[in-house]
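Student: I would like to learn how to read a structure feature by feature. Please give the general idea each time, then the case at hand.

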There are 2 protein chains.
Amino acid sequence: MTDIALIEAAAARAVGVVRETPLLSSPFLDEIAGRPVFAKAEVLQHTGSFKFRGGWSAVSALDDATRARGVIAYSSGNHAQGVAQAAALHGVPSVIIMPRDAPALKIENTRALGAEVVLYDRAGGEKREAIGERLMTERGMTLIKPYDDVQVIAGQGTCGLEIAAQAAALGVEAGTVLTCCGGGGLSAGIALALEARAPGVVVRPVEPAGFDDTARSLAAGERLGHGSPEAGLCDAILTPMPGEITFPVLKRLCGPGIVVSEAEVKEAMRLAALRLKLVVEPGGAVALAAALFHGSALVDGPVICTLSGGNADPAHYAAILAGG
Amino acid sequence: MTDIALIEAAAARAVGVVRETPLLSSPFLDEIAGRPVFAKAEVLQHTGSFKFRGGWSAVSALDDATRARGVIAYSSGNHAQGVAQAAALHGVPSVIIMPRDAPALKIENTRALGAEVVLYDRAGGEKREAIGERLMTERGMTLIKPYDDVQVIAGQGTCGLEIAAQAAALGVEAGTVLTCCGGGGLSAGIALALEARAPGVVVRPVEPAGFDDTARSLAAGERLGHGSPEAGLCDAILTPMPGEITFPVLKRLCGPGIVVSEAEVKEAMRLAALRLKLVVEPGGAVALAAALFHGSALVDGPVICTLSGGNADPAHYAAILAGG
């Protein structure tokens with residue numbers, strides 16, 4: 001199971017490779033939120049999202065012979081790029097299994113990073129897990145799951161170590177950390193890191209309306225799905241339900257989930273561009289949306305939110321910035 | 001005159017206030033340029049541009065009694081915000097003299113940062129310098145010029161100290177540093193810092209076509225104007241000619257100027273959003289445009305470019321991202 005020792009080990013393997021991303025702020029955002037808001041700019045991580053942390057952690061944790069046979073990942077895009085880049089930097093092959101309807105940019109980027117891309121049709125009922133396990137058996141590669149993997153969670157936890165250190169440097173010892181939540185890898189990793197390094201803060205996962213499986217699961221105390229079809233604005237975080245490994249961590253350490261509307265997500269994206277000069281994709285903006293527009297659901301004090309990815313489709317992003 | 005000692009002193013006064021901005025890269029940009037490209041993300045500085053460095057340096061360098069009477073600045077926008085924020089953080093008043101046709105966002109931001117804004121009509125022949133000197137005399141405030149001020153240049157030089165340290169950490173000891181150049185404050189400050197700390201690199205100022213007063217002046221060996229009207233895409237850097245204090249520094253330390261087209265600037269803005277996840281305004285993207293599209297004019301080796309500001313008008317920015 002992932003714990004602080006595994007996170008610290010992942011951080012040690014990441015030195016000189018994974019970027020320490022800045023914790024940014026703007027007086028204009030503070031004014032909207034009515035409290036200090038700090039944004040953890042994971043959009044500036046290699047491959048444009050925090051997923052490189054988990055990918056690097058998992059690939060670097062393999063023994064040399066296993067790693068040399070290569071790695072497989074299935075992902076709606078950001079995990080794909082993170083694993084592909086991590087494999088390429090290690091000089092080993094990668095096969096990425098992606099939904100056919102993923103943003104074209106994410107497919108192109110994954111190929112450009114050196115991965116072999118296998119597309120599947122998620123509307124047609126194909127199970128990416130089955131495809132991944134078949135390829136793993138046939139080629140002897142190692143499957144790296146996007147969140148239900150102790151080394152991936154440990155890698156995402158390095159983001160939490162940075163948050164703890166950066167918050168301490170700012171004098172922040174209590175308050176809320178909001179995480180953009182899909183399968184729960186980032187949320188679990190950050191929660192485990194902060195349990196050890198910043199126990200005065202509460203971690204709360206944030207999801208888009210209609211895809212609130214984590215919020216529902218936390219309220220029920222057991223893993224539940226969201227019941228919606230697998231399509232929506234925040235494509236990067238539309239997982240069907242919390243992970244088997246991640247959910248017990250979330251249940252033990254996190255406060256109630258928060259759900260934001262798509263209109264709030266788009267406004268958060270516009271404000272991130274205007275006030276932080278950062279390009280944030282919809283799934284990466286849900287935590288900022290909660291920080292800005294759901295303050296009444298939070299304990300008093302500062303709020304730190306992850307801006308977890310920036311791989312928006314350019315035309316779609318331009319339309320959102322223009323008010324669409 | 002600004003020298004490395006004055007820059008180091010400015011850096012010492014900036015500790016804990018001015019942000020150390022990251023030096024970012026993307027394999028996709030390296031591929032376009034055909035060489036390693038590093039981007040100094042000054043869009044992430046307080047107030048969205050490097051100008052906060054100079055503003056903080058100048059305001060913090062004043063003696064207490066002088067500073068308490070307040071400061072005046074004239075600026076097309078980014079210097080205004082930098083000085084206004086620096087004054088506000090010191091708890092002293094500021095008056096900002098801005099052209100009436102500056103982007104509305106820059107005027108609003110400057111007021112929101114606590115400054116009194118005085119607008120003038122630059123097409124009508126009003127001289128901002130005359131307005132500034134009159135207000136300075138009447139109110140006993142200190143005028144902080146946008147580039148012809150030794151402490152402002154020292155503040156911009158702190159960006160050069162960071163570049164030197166960050167480049168050394170990456171193993172970069174030779175190559176080119178490209179600066180977005182208006183009056184030459186950032187270019188001169190960086191050139192002075194790198195003369196002392198990274199003598200193997202050559203600094204080259206970059207300007208937009210039609211506003212190439214620095215390139216023309218460097219070629220002629222004397223200060224020349226550009227002869228164009230004061231309007232264009234890159235509003236932040238459309239100064240009439242190099243500064244009296246800055247030009248001798250540029251003449252002594254910088255290589256020939258580079259001129260980029262507006263189409264190249266827009267493409268650089270789109271690539272900064274897509275590959276670096278950064279919002280860059282036109283005037284802040286000229287150096288990246290040169291890095292990507294004018295490689296044949298550069299010596300071999302890596303190139304470091306300033307992304308000097310991100311205060312683009314939102315509607316205009318969205319239109320450029322959409323291909324406009």
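Student: In this predicted model, which residue stands opposite B:Ile72 in β6(B)?

Tutor: Strands of a sheet pair through backbone hydrogen bonds, either parallel or antiparallel. Here B:Ile72 stands opposite B:Leu143. The strands concerned are β3(B) and β6 (residues 142–143) of chain B, which run parallel and are joined by 2 bridges.

Student: How many bridges does β3(B) form with β4 of chain B, and in which sense do they pair?

Tutor: β3(B) pairs with β4 (residues 94–99) over 4 bridges, in the parallel sense. One residue to look at there is B:Ala73, which has B:Ile96 of β4(B) opposite.

Student: What can I say about the two faces of β3 of chain B?

Tutor: In a regular strand the side chains alternate between the two faces of the sheet. In β3 (residues 71–74) of chain B, B:Val71 and B:Ala73 are on one side, and B:Ile72 and B:Tyr74 are on the other. All four of these residues are buried, and both faces of the strand are covered.

Student: What is the strand order in the open sheet of 6 strands in chain B?

Tutor: The order is β1-β2-β10-β7-β8-β9, and the pairing is mixed. At the edges are β1 (23–24) and β9 (258–260) of chain B, each of which pairs on one side only. β1(B) runs antiparallel to β2 (residues 37–41) of chain B, with 2 bridges between them. Within that pair, B:Leu24 is opposite B:Ala39.

Student: Which residues touch the most other members of the largest nonpolar core?

Tutor: In soluble globular proteins, nonpolar side chains tend to be buried together. The largest nonpolar core here has 222 residues, and those touching the most other members are A:Ala272, A:Leu278, A:Leu288, B:Ala272, B:Leu278 and B:Leu288. Take A:Leu288: leaving aside residues up to four places away in sequence, A:Leu288 touches A:Ala39, A:Ala268, A:Ala272, A:Cys305 and A:Leu307.

Student: How should I describe chain A as a whole?

Tutor: Chain A has 14 helices and 10 strands. Its C-alpha trace spans about 55 × 40 × 40 Å along the principal axes. A compact globule of 324 residues would have a radius of gyration near 20 Å, and the 18 Å of chain A agrees with that. Of its 324 residues, 60% count as buried. Among contacts in chain A with a separation of 6 or more, 75% are between residues 24 or more positions apart.

Student: Which backbone angles deserve a second look?

Tutor: Most residues other than glycine have a negative phi, and most peptide bonds are trans. B:Thr47 has a positive phi, near 70°, and is not a glycine. B:Thr47 is in the loop between β2 and α3 (51–61) of chain B. B:Lys277 also is not a glycine, and its phi is positive at about 65°. B:Lys277 is in the loop between α12 and α13 (286–293) of chain B.

Student: Is B:Lys277 buried or exposed?

Tutor: The cut-off for buried is 20 or more other C-beta atoms within 10 Å. B:Lys277 has 29 other C-beta atoms within 10 Å, so B:Lys277 is buried. B:Thr47 is buried as well, with 29 other C-beta atoms within 10 Å.

Student: Where is B:Gly309, and what does this residue touch?

Tutor: B:Gly309 is in the loop between β10 (303–307) and α14 of chain B. B:Gly309 counts as buried because there are 31 C-beta neighbours inside 10 Å. Beyond residues up to four places away in sequence, its contacts include B:Glu42, B:Ser49, B:Asn78 and B:Glu281.

Student: What makes up the side of chain B that touches chain A?

Tutor: 19 residues of chain B are in contact with 19 residues of chain A. On that side of chain B, α12 (262–276) and α14 (314–321) are the elements giving two or more residues. α14(B) gives the largest share, 5 residues. By type, the residues on this side divide into 16 nonpolar, 2 polar and 1 charged. The copies meet through the same surface, because 100% of the interface residues of chain B are also interface residues in chain A.

Conventions: Residues are numbered from 1 along each chain as its sequence is written. Chains are lettered from A and ligands numbered from 1 in the order in which they are written. This is a predicted model: local features need pLDDT of at least 70, side-chain atom pairs count only at pLDDT 80 or more; totals for chains, interfaces and linings use all residues. Two residues are in contact if their C-beta atoms, placed from the backbone, lie within 7 Å. Ala, Val, Leu, Ile, Met, Phe, Trp, Tyr, Cys and Pro count as nonpolar, Asp, Glu, Lys and Arg as charged, and the others, Gly among them, as polar. A residue is buried if 20 or more other C-beta atoms lie within 10 Å of its own, exposed if 12 or fewer, and partly exposed in between; C-beta atoms are placed from the backbone. The radius of gyration is taken over C-alpha atoms; the globule rule is 2.2 Å times the number of residues to the power 0.38. Two strands pair if DSSP finds at least two bridges between them. A nonpolar core is a set of buried Ala, Val, Leu, Ile, Met, Phe, Trp, Tyr and Cys residues joined through C-beta atoms within 7 Å.
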